[in-house]
Amino acid sequence: MDIRHFRYFLAVAQQRNFTRAAETLGIAPPTLSRQIQDLEHALGVRLFVREQRQVSLTEAGLALLPDAEATVRQFELAQRNAQRAGRGETGHIELGYVASAVYSGVLQRQVQEFARDYGEVSLSVREAPMASLPERIIEGRFDLGYVRSPMTLHEGLEAIGLNAEGFVLALAADTWLARLKNISAEHLQNETFILPEQISGTLHVAAQGGYAPKLGAQPGGLVAVIALVSLRQGVAVVPASVVGHISLPNVLYRPIEGCEAQSWLSLIYRRFEKSAVVTRYIEQVKRDARTAAPDAK
C-alpha cells in the first residue's frame with residue numbers, strides 16, 4: 001500500500017461511484033477498480049459493496065475512512081512543510097549584530113520586514129562582540145551577522161554593504177577641545193583615543209594629522225566607549241549615528257574638519273551557504289541595500 005491507494009479509496013468513498021471517482025482522479029475506471037482491489041487484498045477485507053449504479057462502504061470501509069482522511073491530510077501537510085522549508089519559508093536563523101546596527105535602524109527594519117514576510121521562520125537576534133562574529137559564523141554558531149565595515153573577513157565569508165556614514169568626535173564637555181570652534185585632526189595629536197570595535201576612523205584621523213595615535217582602552221561596545229569619554233579618559237572617533245542615540249553627561253559630539261572617512265554596516269554570511277532560509281534572508285537584504293558601499297574585505 002502507499003498514499004495513492006488511500007487517495008483512490010477516499011475518491012470512491014466520496015463519489016460512491018467508480019466512474020465519477022476515476023474522472024476526479026484523472027485515471028481510467030478499470031485502473032481505479034484494480035487499485036481498490038489491490039488495497040482490499042492487502043488489507044484482507046472488502047471496503048465497498050459494489051452495486052449496479054453505485055457503491056457503498058462496508059463496516060471495514062467505514063472504519064478505514066477517518067484514518068485514511070487523516071493519513072492523507074498528514075501526508076499533504078508533510079509535503080507542504082518540506083516544500084516550504086526547501087523554499088526558505090520556514091526554519092530558524094541565528095543572527096548576531098554589533099550595537100551600532102540598532103542605532104541606524106537598519107537591523108530593526110530588515111528583521112521586521114523578514115518577520116512580516118516569513119512569519120513561520122524563527123529569528124534569534126543577539127548582540128555580540130564584533131571581533132568574534134566572523135569566526136562564530138564560520139563555525140555555525142551564528143548564521144548571519146551585522147558588523148561595521150571596513151573590516152578584514154575570512155575568505156569563507158561574504159559581505160553586503162549597507163548604509164554608509166561619516167565619523168564624529170566624542171569628547172568631554174569640560175576639556176579645552178570643547179572650546180574650539182572647529183576641531184581638526186592636528187588638534188588631537190596629543191589626545192588619548194578610546195577605541196571602538198571599528199578602529200578605521202581613528203586610524204584615518206591620525207593619518208590625516210600625520211601622527212601615530214596615542215591609544216587608550218578598547219572597552220567594547222559604543223556605550224562603554226562613550227562612558228570612558230565622559231570620564232575624561234580620552235576622545236573617541238565614532239560613527240555619526242551615535243549622535244542622538246547615546247547621550248551621557250559631560251559628552252559632546254563634534255565634526256572633525258576635513259575627515260571624509262566613512263564606515264558602513266555590512267551583513268556578513270557564509271560564502272557557500274546551504275540553508276534555504278538563511279539564503280532567503282540574504283536575498284532580502286541584497287534587495288534592500290540602499291547605499292552602494294565597498295565590500296568588506
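**Sheets and helix packing in the predicted model**

In strand β11, Arg254 is the bridge partner of Leu169. The model is a predicted one, in which local features need pLDDT of at least 70 and side-chain atom pairs count only at pLDDT 80 or more, while totals for chains, interfaces and linings use all residues. Residues are numbered from 1 along each chain as its sequence is written, and side-chain values use heavy atoms, with hydrogens and water left out.

The pair Leu169 and Arg254 belongs to the antiparallel pairing of β7 (residues 167–172) with β11, which extends over four bridges. Strands (E, at least two residues) and helices (H or I, at least four) are DSSP runs, numbered from the N terminus, and two strands are taken to pair if DSSP finds at least two bridges between them. Strands β10, β7 and β11 form, in that order, an open sheet of three strands with antiparallel pairing. Its edge strands, each pairing on one side only, are β10 (236–239) and β11 (251–254). From one strand to the next, the twist averages 35 degrees. Angles run from 0 to 180 degrees between N-to-C directions, and axes are lines fitted to C-alpha atoms, for helices over the stretch in contact. Helix α9 (residues 222–230) packs on this sheet and touches β7, β10 and β11, with its direction at about 145 degrees to that of β10. Contact here means heavy atoms within 4.5 Å.

A second open sheet contains five strands in the order β4-β3-β5-β12-β6, and its pairing is mixed. Strands β4 (121–127) and β6 (157–165) lie at the edges, each pairing on one side only. On average, neighbouring strands of this sheet are turned by 25 degrees against each other, direction ignored. Within it, β3 (residues 91–97) and β5 (residues 144–149) run parallel and are joined by three bridges; Leu144 of β5 is the bridge partner of Leu95. Helix α10 (residues 276–288) lies across β3, β4, β5, β6 and β12 (263–270), running at about 50 degrees to β3.

Helices α1 (residues 3–15) and α3 (residues 29–43) have axes that come within 10 Å and cross at roughly 115 degrees. Helix α1 is therefore roughly perpendicular to α3, a term covering angles of 65 to 115 degrees. The contact involves Arg4, His5, Phe6, Tyr8, Phe9 and Val12 of α1, and Leu32, Gln35, Ile36, Asp38 and Leu39 of α3. By class, seven of these residues are nonpolar, two polar and two charged, where Ala, Val, Leu, Ile, Met, Phe, Trp, Tyr, Cys and Pro count as nonpolar, Asp, Glu, Lys and Arg as charged, and the others, Gly among them, as polar.

Terms used:
Angles under 35 degrees count as roughly parallel, over 145 as roughly antiparallel, 65 to 115 as roughly perpendicular and the rest as oblique.
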